[in-house]
Amino acid sequence: MRGVAKGRQQTGLRVGRAASTHASTSALSPCAAPEPVFGITKRVMGWRQMNMRGLDKANVEWSLVTMARNIKRMHVLRAA
């Protein structure tokens, strides 16, 4: 069974108990990192769904969306 290690539930990258509080927060942080990116892409940029069909075309479309977000972010960071 995936996600269960010796009777304990696996959460993110952490299995069992961490040695310290810092270790537990650093072990769980990669799980929550992508959420703001998708939220910004959906809400601020107004991108909701793929327009192209097929995996190759969807990959190209996603690359364009992420490129637009990165250019927009670079522009904002340069102005600051």
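## Close-up views of a predicted model

**View 1. Threonine 41 sits in helix 2.** The model is predicted. Threonine 41 is buried, and its relative accessible area is 3%. Which residues does threonine 41 touch, leaving out those up to four places away in sequence? They are Gly46, Trp47, Val65 and Arg69. Of these, Val65 and Arg69 are buried residues of helix 3. Trp47 belongs to the loop between helix 2 and helix 3.

**View 2. The whole protein, for orientation, has three helices and two strands.** Read from the N terminus, the order of elements is β-β-α-α-α. The protein has 80 residues, and 11% of them are buried. Among contacts with a separation of 6 or more, 23% join residues 24 or more positions apart.

**View 3. Helix 3 covers residues 55-79.** Helix 2, residues 35-43, is included in what covers them. An α-helix has 3.6 residues a turn, so residues three or four places apart point the same way.

**View 4. A nonpolar patch lies on the surface.** Val60, Leu64, Met67 and Ile71 form it. Together they have about 390 Å² of accessible area. Leucine 64, one of the patch residues, lies in helix 3. Is leucine 64 buried or exposed? Leucine 64 is exposed, because its relative accessible area of 52% is over the 50% cut-off.

**View 5. Aromatic rings link Phe38, Trp47 and Trp62 into a cluster.** The count of aromatic pairs comes to two. In one of them, tryptophan 47 and tryptophan 62 form a tilted pair. Their centres are 5.3 Å apart, with 55° between the planes. This pair links distant parts of the chain. Tryptophan 47 is in the loop between helix 2 and helix 3, while tryptophan 62 is in helix 3. They are 15 residues apart. How exposed is each ring's residue? Tryptophan 47 has a relative accessible area of 18%, so it is buried. Tryptophan 62, at 27% relative accessibility, is partly exposed. Phe38 is also in the cluster, which is linked by ring pairs.

View 6. What is arginine 69 in contact with, neighbours within four places in sequence aside? Its contacts are Val37, Ile40, Thr41 and Met45. Thr41, seen in View 1, lies in helix 2.

**View 7. Valine 44 is in the loop between helix 2 and helix 3.** Is valine 44 buried or exposed? Valine 44 has a relative accessible area of 54%, so it is exposed. Residues up to four places away in sequence aside, valine 44 touches Gly39 and Lys72. How far apart are valine 44 and arginine 69 in sequence and in space? In sequence, 25 residues separate them. In space they are 9.9 Å apart, C-alpha to C-alpha.

Key. Residues numbered from 1 in each chain as written. Predicted model: local features only at pLDDT ≥ 70, side-chain atom pairs only at ≥ 80, totals over all residues. Heavy atoms only, no water. Helix = DSSP H or I, 4+ residues; strand = E, 2+ residues; numbered from the N terminus. Buried < 20%, exposed > 50% of the residue type's maximum accessible area, 1.4 Å probe, protein only. Contact = heavy atoms within 4.5 Å. Expected span 1.5 Å × (residues − 1). Patch = residues over 30% accessible without salt bridge, like charges linked within 9 Å, V, L, I, M, F, W, Y side chains within 5 Å. Areas by Shrake-Rupley, 256 points an atom, 1.4 Å probe, with all protein chains shown as cover. Salt bridge = Lys/Arg side-chain N within 4 Å of Asp/Glu carboxyl O. Phe/Tyr/Trp six-rings, centres within 6.5 Å; stacked < 30°, edge-to-face > 60°.
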